[in-house]
Amino acid sequence: MRVLLAVVFGLATCQIALLLTTLYLHRALSHRALSLSPGVAFACRVLVWISTGVRPRQWVAVHRKHHAFTDVEGDPHSPLLEGFSMVQFLNFVLYRRVARQEEVVRKYARDLPADAWDRRLFDHALLGLGIGFALFVLVLGWEMALVAAAVHAVSYLLLNAAINAIGHSWGRRPYPNIATNNQWLAFLTMGEGLHNNHHAAPTSARLSLARRELDPGWWVIATLQRLGWAKVRHTEVKLARPKASAAA
Ligand SMILES: [Zn+2]
Ligand SMILES: [Zn+2]
């Protein structure tokens, strides 16, 4: 019973981390599809730090490079170039390889220079993850905290990887780009599984573009907007021009 509780706790933390990833790192910071109120943005920054250890400017740089070189030489995590298994199971290795390149971060995330908060706190990933783990221990005790942390870490890494691997391999392609839509994956990743839609309209805060497509991340954004804590940049969906290299 305690193990089951720890597994549920780990999966719930993973979903919160995926929500922070799509809402804050992806839609707000990388694409400026929405802006968050300063309080919500800072809360997201803290929660990303303690639940993932990700440095936002590095994530943004890697992701913008993915959009600049989608599935061609220069893409940080293309299943076409690296092989499906490499991206699905070792995405974090590919991510770190590019995230560590300072010139890439400078070029692609010049709007997010490190500030005093980063230097003192948020650049110290192990400190953030240690605080997150200590919170697990407070709630669950040592042994079950280890179970919950393992479940969270593995599911978060695999689901993020699936967006890059499955989301560029199998699924529907309603728009002329190489990425794919998988509604089942969108349910597991707060909407990110609608990846073909995202490559078609990268500045759209909503990833569901057709009837019967569901984007749980958008439901959260719509709620934040009603509360006055978020502002969506484009009310109309703006389709990007398909790249010459995109699949038909
Ligand atoms: Zn993609
Ligand atoms: Zn994107």
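Mentor: Let us start with a crossing: helix 1 passes helix 3 in a right-handed crossing. Helices here are DSSP runs of H or I with at least four residues, strands are runs of E with at least two, and both are numbered from the N terminus. Note that this is a predicted model, where local features need pLDDT of at least 70 and side-chain atom pairs pLDDT 80 or more, while totals for chains, interfaces and linings use all residues. Residues are numbered from 1 along each chain as its sequence is written, with chains lettered from A and ligands numbered from 1 in the order in which they are written.

Trainee: What makes a crossing right-handed?
Mentor: The near helix is turned clockwise from the far one by less than a right angle; if anticlockwise, the crossing is left-handed. Helix 1 passes helix 3 in the right-handed way.

Trainee: Which residues make that contact?
Mentor: Helix 1 brings Leu25, His26, Leu29 and Ser30, and helix 3 brings Pro56, Trp59, Val60, His63 and Arg64. Contact means that C-beta atoms, placed from the backbone, lie within 7 Å. By class there are 5 nonpolar, 3 polar and 1 charged residues. Nonpolar covers Ala, Val, Leu, Ile, Met, Phe, Trp, Tyr, Cys and Pro, charged covers Asp, Glu, Lys and Arg, and the others, Gly among them, are polar.

Trainee: How do you know how helix 1 is oriented to helix 3?
Mentor: Their axes come within 10 Å and cross at roughly 65 degrees. That makes helix 1 roughly perpendicular to helix 3, since the label runs from 65 to 115 degrees, with under 35 roughly parallel, over 145 roughly antiparallel and the rest oblique. The axes are lines fitted to C-alpha atoms over the stretch in contact, and angles between N-to-C directions run from 0 to 180 degrees.

Trainee: Why are helix 1 and helix 2 called oblique?
Mentor: Helix 1 (residues 2-30) and helix 2 (residues 38-51) pack at about 130 degrees, their axes 10 Å apart. The pair is therefore oblique. Helix 1 passes helix 2 in a left-handed crossing. Among the residues in contact are Thr13, Ile16 and Ala17 of helix 1, with Cys44 and Leu47 of helix 2. That contact has 9 nonpolar, 2 polar and no charged residues.

Trainee: How do you know that the length of helix 2 agrees with its residue count?
Mentor: At 1.5 Å a residue, its 14 residues should span 20 Å, and its end C-alpha atoms are 20 Å apart, which agrees. The expected span is 1.5 Å times one less than the number of residues.

Trainee: Is Met190 buried or exposed, and why?
Mentor: Met190 has 25 C-beta neighbours inside 10 Å, so Met190 counts as buried. The cut-offs are 20 or more other C-beta atoms within 10 Å for buried, 12 or fewer for exposed, and partly exposed in between. Met190 lies in the loop between helix 10 and helix 11.

Trainee: What about Arg212, buried or exposed?
Mentor: Arg212 has 6 such neighbours, so Arg212 counts as exposed. Arg212 sits in the loop between helix 11 and helix 12.

Key
Contact = placed C-beta atoms within 7 Å.
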